[in-house]
Amino acid sequence: MRFAKGHGTENDFVILPDPEGELELPGALVAAICDRRAGIGGDGVLHVVRTKLSPEVADQAGEAEWFMDYRNADGGVAEMCGNGVRVFARYLVSAGLAAPGEFGVATRGGVKRVRLAETGDVTVDMGPPRVLGESRASVSGREYGGLRVDMGNPHLACVIGDPVAGLDLTRPPAFDPEHFPNGVNVELLNAAGPRRLVMRVFERGSGETRSCGTGAVASAVAAAHLAGETTGSWEVEVLGGTVTVTLDERTSYLAGPAVLVASGEITL
Ligand SMILES: N[C@@H](CCC[C@H](N)C(=O)O)C(=O)O
């Protein structure tokens with residue numbers, strides 16, 4: 001099985017090219033590939049398949065030739081991955097499967113338009129965030145309130161008073177299953193200056209990761225909500241670097257680096 005490896009602000013992915021849709025990817029195989037000691041290691045898998053050959057998104061084939069079939073490190077399926085779609089775009093161009101510039105990528109959360117800049121950054125139109133109300137999470141015995149934000153995938157973004165650097169995210173946060181019947185990605189954030197946030201995240205299906213693109217947008221939405229704002233740009237500092245989130249009246253954008261680091265053959 002051929003693979004490539006890439007990351008966006010250290011949210012890292014194993015990329016599995018499968019243009020003709022021939023790969024069987026049971027959850028146990030995905031988990032074995034993502035294992036950091038016995039496998040390649042990654043926060044998730046980006047399975048690269050032609051949209052028209054993927055029944056669950058075939059209706060997007062007119063707008064996007066390629067489908068990002070995203071899997072979490074535990075083998076579960078997710079609707080969207082903001083850093084993943086940026087790395088996916090970098091891979092398509094580098095593999096000669098898409099022309100540099102701007103194009104659509106099919107996801108379970110709908111078609112996402114990506115733009116590759118000459119600087120190396122990739123920007124994605126993430127679509128309009130949906131604010132669903134408030135909820136709570138408990139992290140290491142402390143309760144935090146947050147905003148439920150649907151980015152295609154579920155988020156609870158909590159602006160907190162404690163410094164995020166001191167949080168223990170080795171264990172999954174507890175959350176309200178009535179609000180999140182399919183699980184949730186939990187972001188904890190502090191304001192670090194005007195329009196600047198520091199964020200940590202515990203991802204559904206992957207644990208604490210060093211960055212999360214959908215989570216960064218959800219965090220900017222939560223910070224904006226608290227400040228009574230709806231538009232603007234935020235720099236979001238994560239453990240693996242910094243991404244930029246822009247909110248306008250119509251949609252949201254995520255921008256940042258997307259890097260390929262290796263390629264080879266998996267013999268698992
Ligand atoms: N890291 C991703 C989000 C990946 C999916 C998430 N774990 C979920 O289950 O929804 C991002 O950059 O958005």
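The buried residues of helix H1 pack against strand S2 (11–17), strand S3 (44–50) and strand S4 (66–72). Contact here puts two C-beta atoms, placed from the backbone, within 7 Å. Helices (H or I, at least four residues) and strands (E, at least two) are DSSP runs, numbered from the N terminus. Before we start, note that this is a predicted model: local features need pLDDT of at least 70, side-chain atom pairs count only at pLDDT 80 or more, and totals for chains, interfaces and linings use all residues. Residues are numbered from 1 along each chain as its sequence is written.

**Exercise 1. Find out which residues of H1 are buried, and why they sit on the same side of H1.**

Step 1: A residue is buried if 20 or more other C-beta atoms lie within 10 Å of its own, exposed if 12 or fewer, and partly exposed in between; C-beta atoms are placed from the backbone.

Step 2: go through H1, residues 27–34. You'll find Val-30, Ile-33 and Cys-34 buried.

Step 3: look at directions. These residues cover an arc of only 95° around the axis, so they lie on the same side of H1. That arc is taken from the directions from the helix axis to the C-beta atoms.

Step 4: recall the general rule. An α-helix has 3.6 residues a turn, so residues three or four places apart point the same way.

**Exercise 2. Work out where the "active site" residues listed by UniProt lie, and whether they are buried or exposed.**

Step 1: check the record. The unreviewed UniProt entry lists Cys-81 and Cys-212. UniProt positions are given in the numbering used here, feature names are shortened, and annotations may be inferred rather than shown by experiment.

Step 2: take Cys-81. It's in the loop between S4 and H2, and it counts as buried because it has 32 C-beta neighbours inside 10 Å. Leaving out residues up to four places away in sequence, Cys-81 touches Gly-44, Tyr-70, Gly-213 and Thr-214.

Step 3: take Cys-212. You'll see it in the loop between strand S14 (207–209) and H3; it is buried, with 35 other C-beta atoms within 10 Å.

**Exercise 3. Describe the shell around the ligand and say which domains it draws on.**

Step 1: pick the residues. A residue is near if its C-beta atom, placed from the backbone, lies within 6 Å. Of the 19 residues around the ligand, Ala-78, Asn-83, Asn-153, Gly-213 and Thr-214 come nearest.

Step 2: name the elements. Helix H2 (82–94) and helix H3 (213–227) each give two or more residues to this shell.

Step 3: sort by class. Ala, Val, Leu, Ile, Met, Phe, Trp, Tyr, Cys and Pro count as nonpolar, Asp, Glu, Lys and Arg as charged, and the others, Gly among them, as polar. The shell then splits into 3 nonpolar, 14 polar and 2 charged.

Step 4: bring in the domains, whose bounds come from an automatic or database domain assignment. Domain 1 (2–125 + 256–265) and domain 2 (130–250) each supply at least three residues of the shell. Where they meet, 22 residues of domain 1 are in contact with 20 residues of domain 2.
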